[in-house]
Amino acid sequence: MIQHLDVDGVPTLLAPTGGPMRAGLTFRVGTADETLARAGITHLVEHLALAPLGLADYHVNGVTAPAFTMFHTQGSQADIAAFLTAVCGHLSDLPVGRLDVEKDILRTEWSSRGAAAIDDIPLWRHGARDFGLSSYPEWGLDALTADDLREWTARWFTRENAVLWICGDQVPADLRLSLPSGTRQPVPAASSALPQTPAYFVHGTRAVVLDAVVRRSAAAAVFSGVLERELYRSLRQESGLSYTTTTGYDPRGDGNAMLRALADALAEKQDAVLGGFVDVLAKLRVGRIEQADLDATVAKREDLLGTAEVDAARLPGYALNVLTGEPNLTIDEHRAELKAVDLADLHAVAGEVMGSALLMVPRGLTADWAGFVAAPTHSTDTVDGTTYRAREGAGGLRVGDLGVSHLGAEGPLTVRYDDCSVMLTWPDGARQLIGADAITLHIEPTMLELSPGTMAAIDAGVPADRHVAMPARTPDQIPQPRPIAREAGTARRPWWEKLVMVLSGLGTLVMGGFTLLLTFATLSDDTDPDEAWFWGVIAVGWVLTVILAMPIVLLKRRR
């Protein structure tokens, strides 16, 4: 059984375990609570709270997720008490002397992190805000000050916004949770950057990934397992197209859950994997669901509920439910919910999945044929203002009082100032504006015919708290327009070009003048029109004139 206790005003959960003692302190704050211009503040607080502990003799760690931050450890009662007591002390009085060091560590961590196939899905679904921020770098680190961090911890890292969970027989006697008082913080509302679903976007990875939002339920959790069995059977066992077929089901804390599925592919088999993946979804959508798959998935979950460590294993999720207000069921209630799931329930979940589906497809493929619409990559409108031409190619930049639009052949990119999540600024004058809908607009002043004061107007339009300074670029990183024709034409010509053009010009004048005089003379005389040789001479003269003029034309075009 899971016991509900209280330690220094922090709700505490205790469950027995036959293994080593474990504990965690979970706060209801994560990356989804940040803004893009201050991205990284929660992660930085987590690092600062752990930094003074140094190298521990027992396992300690921290994790920052979209909706929560957790500090967890494993060891003896004394180890656990020392760790959690120290963490709370550091949160109440942050060791800001290590601020710059921990910023560098976080930058290194980000740069060395391997890219995963699902990393970009959040920004495509949610944009550059709340749950979409996990797709972006921690751009806010540089500007964060000690006062910023103290303000953040005072709001989010409080007794009322925390839950302690312990896998063990008792609460360690020396444990002290010296956290400030505050209020319980709700999960942020999830935004959407998708005007229509089901939708798809193209990505460079060799995998097909499904992302869907469904109501949190036992049926949705079971559907995840049934989908995994169907994908494995179809794409690996029967067709041999995929090696990895997997699904995941993660409650979001707002009554909904994220359901994902992935199937990998060889480069030459990507279209076949996509087709097979969509066929599986279509099969489940029309209700062709095997009873055997339902029974096997339910039995597997019931086995997990029957293990001796089941209460200890579900403590982290149980704690998150306490923080978010989601219901926590007993083991018997879980079993009853699982047994009540039938094929009709799974059919209903399949409809939810397809209704909210976002599909990631490999580069070179589309999913229009399957009823998915392309997720927007351009804006539907532009701002009113002054248009500045590009120094190369078509298009340009339109700058107005309300925002900026890039005008390109594939469509406009518009970011309005009041909807700008961040503006990255470089010392050389370049700017990158990212809208809340994830539309990204990059401005290179060297590539545009801008009037004086244009960049200053853009800087003033974007709220100051959304400016993020970027490191200086090397000269070779700053794009430069190629020399245009009129500028190159003033350069010194080589001697042979001059000679060819002079001779070609003289020849053209002589032959053209002679042929023109002959033409007028012929038309003014009473020449017999049947004497074709006159006209033949004239025609040859004009052809020779054009040939003599060709070197001049070609050299001009070359320059």
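1. Two strands pair if DSSP finds at least two bridges between them. Helices (H or I, at least four residues) and strands (E, at least two) are DSSP runs, numbered from the N terminus. This is a predicted model, in which local features need pLDDT of at least 70, side-chain atom pairs count only at pLDDT 80 or more, and totals for chains, interfaces and linings use all residues. Residues are numbered from 1 along each chain as its sequence is written, and side-chain values use heavy atoms, with hydrogens and water left out.

2. Start with the sheet that holds β1. Six strands make an open sheet in the order β1-β2-β6-β3-β5-β4, and the pairing is mixed. Its edge strands are β1 and β4 (59-64), each of which pairs on one side only. From one strand to the next, the twist averages 20°. Angles here run from 0 to 180 degrees between N-to-C directions, and axes are lines fitted to C-alpha atoms, for helices over the stretch in contact.

3. Look next at β3 and β5. They run antiparallel and are joined by six bridges. Phe27 stands opposite Thr69 in β5.

4. Two helices pack on this sheet. Helix α1 touches β4 and β5, and its direction makes about 165° with that of β4. Helix α2 touches β3, β4, β5 and β6, with its direction at about 155° to that of β5. Contact means heavy atoms within 4.5 Å.

5. How do the axes of α1 and α2 cross? The axes of α1 (residues 41-50) and α2 (residues 77-92) come within 8 Å and cross at roughly 125°. That makes α1 oblique to α2 (under 35 degrees counts as roughly parallel, over 145 as roughly antiparallel, 65 to 115 as roughly perpendicular and the rest as oblique).

6. Now the aromatic rings. Rings of Phe, Tyr and Trp (its six-membered ring) pair if their centres lie within 6.5 Å; planes under 30 degrees apart count as stacked, over 60 as edge-to-face and the rest as tilted. The count by this rule is five aromatic pairs. Phe27 and Phe71 have ring centres 6.2 Å apart and planes at 85°, so the pair is edge-to-face. This pair links distant parts of the chain: Phe27 is in β3 (residues 22-27) and Phe71 in β5 (residues 69-74), 44 residues apart.

7. A further open sheet has six strands in the order β9-β10-β8-β11-β7-β12, again with mixed pairing. Its edge strands are β9 (245-251) and β12 (373-374), each pairing on one side only. Seven bridges pair β9 with β10 (residues 256-264) in the antiparallel sense. Gly248 has Arg260 in β10 as its bridge partner. Helix α6 (residues 218-238) lies across β8 (207-215), β9 and β10, and runs at about 170° to β9.

8. Two backbone details deserve a check. Most residues other than glycine have a negative phi, and most peptide bonds are trans. Asp8 is not a glycine, yet has a positive phi of about 55°. Asp8 lies in the loop between β1 (3-7) and β2 (10-15). Thr197 and Pro198 are joined by a cis peptide bond, with omega about 0°. Pro198 sits in the loop between β6 (162-167) and β7 (199-203).
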